[in-house]
Amino acid sequence: MKAEYFDALETRDPAEREAALLAALPGQLAHAQAHSPAQARRLAGIDPQAITSRAALATLPVLRKHELLALQQAQRAEQPDGDPFAGFAAAGWNGLRLPRPAKRVFQSPGPIYEPQGQGSDSWRLARALHAAGFRAGDLVHNSFSYHLTPAGAMMEEGALALGCAVFPGGVGNTDLQLQAMVELRPHGYCGTPSFLKIALEKAAEQRLLLASLRKGLVSGEAFPPSLRDWLRERGMEAYQCYATADLGLIAYETEAREGLVLDEQVIVEIVRPGTGDPVADGEVGEVVVTTFDPDYPLVRFGTGDLSAVMPGHCPTGRTQTRIRGWMGRADQTTKVRGMFVHPSQVAEVLKRHPDVQRARLVVEGEMANDRMTLHAELSAGHAASAIGVVDQPLLGDQLAASVRHITKLRAEVRLVAAGSLPNDGVVIEDKRSYR
């Protein structure tokens, strides 16, 4: 499959790419320690020059979004005139005494406040737009929000870096946006796939011609194959990308339509939900990302999204690792008999019992009559019966005791053979009925 690449980085030898990322990592960690007070606290006692491998990186703490929100909220409550970024940013405005000036400040749901640095295309969206077919001279209709959140600016800066012109449509005002599409004849669309579908359906109802609109980059929600094919039937090829306000571009789709290719300027790990422990390639887990953004140096930032590494390389010739795309949420915390049970607690049970390689805690019953069952998958060295249940009552009793000690709740234990549990990243499955 012939492809036109954004730059030579996309076809590097994978070993060369890995070496370059890991060589740059100590400098980014040292920068974070020096210019981000919060990261200095989180990385206290760590020698950045010793973090030169993925195994070493995996020893650092994971920062999850709910933690960042709690820290910002606490900062605002305790010091209303203090740093609204809770010490995680290296860019701000003069009153914050931060070393780098911010271009913009955004508010994400929570609210979480985050800076944009002075650099061009600081979220690195140009690479995803290029893979979707956007080129210099195109007019891009951008229907992502320009209000409060950074989505509109993220796409706009990527498009400008490519040499495109941008119409800032924003959200809502469907009739006015449709009028602009008809009269300006943009070459491509950026926004959510659902709004694109609404616009095309409304254009068809009103017999409006959108012949120029032939390519799109969508994000922000699911983009199922059925919608992709629906758009193709109407003459439009749309691709998806995976990006967040905190991290910028994480991965993007190519014309091969086989998973999402990771961006060239991130280190992505897939970890067991509730922990910072990397899982084997192909196993579903939480996406954890380290970027090299000097203005917002996030180290091992847990997205809360589930995905898995795919084998092999993209048929387009891009040699970066691929992931399967969004596969659900990693935060499966649930309340059982008035007590919160967290995925990290299930992980703690596993650490106490090395004979168990994976586990799923299933919560069943009706309100006020909850039942927990720990389905524990034994390592491949254990023999299983024909029905997949292993007869090891002593281990079962030990696991039940660990669950009770860690969660303060009782649970039945069911031991199952290696490979029995689904590879879907689910650690806590809530099957209760509330009707």
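**Salt bridges and a helix pair**

D430 and R432 form a salt bridge, with 2.7 Å between the closest N and O atoms. The model behind this value is predicted. D430 has a relative accessible area of 36%, so D430 counts as partly exposed. R432 has 12%, which means R432 is buried, since the cut-off for buried is under 20%.

A second bridge joins D424 to R360. Here, too, the closest N and O atoms are 2.7 Å apart. D424 sits in the loop between β22 (412-416) and β23 (428-430), while R360 belongs to strand β20 (residues 356-366), so this bridge ties together parts 64 residues apart in sequence. Is D424 buried, exposed or partly exposed? Its relative accessible area is 27%, so D424 is partly exposed. R360, at 7%, is buried.

Next comes R100. Its salt bridge partner is D295, and the closest N and O atoms lie 2.5 Å apart. How many residues apart in sequence are the parts that this pair ties together? The separation is 195 residues, because R100 lies in strand β3 (residues 100-101) and D295 in the loop between β14 (285-291) and β15 (301-307). R100 has 31% relative accessibility and therefore counts as partly exposed. D295 has 5%, so D295 counts as buried.

Now step back from the individual pairs. The count of salt bridges comes to 33. Some residues are joined in a network of such bridges. Its members are D7, E10, R124, R127, D263 and R318.

Turn now to the helices. Helix α7 (residues 174-184) packs with helix α8 (residues 193-205). Their axes are 10 Å apart, and the angle is about 75 degrees. Why is α7 called roughly perpendicular to α8? The label applies because angles of 65 to 115 degrees count as roughly perpendicular, and the α7 and α8 pair has an angle of about 75 degrees. That makes α7 roughly perpendicular to α8.

Which residues meet there? From α7 come T174, D175, Q177, L178 and M181. From α8 come F195, I198, A199, K202 and A203. The residues of this contact divide into six nonpolar, two polar and two charged.

Terms used:
Residues are numbered from 1 along each chain as its sequence is written. This is a predicted model: local features need pLDDT of at least 70, side-chain atom pairs count only at pLDDT 80 or more; totals for chains, interfaces and linings use all residues. Side-chain values use heavy atoms; hydrogens and water are left out. Axes are lines fitted to C-alpha atoms, for helices over the stretch in contact, and angles run from 0 to 180 degrees between N-to-C directions. Helices (H or I, at least four residues) and strands (E, at least two) are DSSP runs, numbered from the N terminus. Angles under 35 degrees count as roughly parallel, over 145 as roughly antiparallel, 65 to 115 as roughly perpendicular and the rest as oblique. Contact means heavy atoms within 4.5 Å. Ala, Val, Leu, Ile, Met, Phe, Trp, Tyr, Cys and Pro count as nonpolar, Asp, Glu, Lys and Arg as charged, and the others, Gly among them, as polar. A salt bridge is a side-chain nitrogen of Lys or Arg within 4 Å of a carboxyl oxygen of Asp or Glu. Buried means under 20% relative accessible area, exposed over 50%, partly exposed in between (1.4 Å probe, protein chains only).
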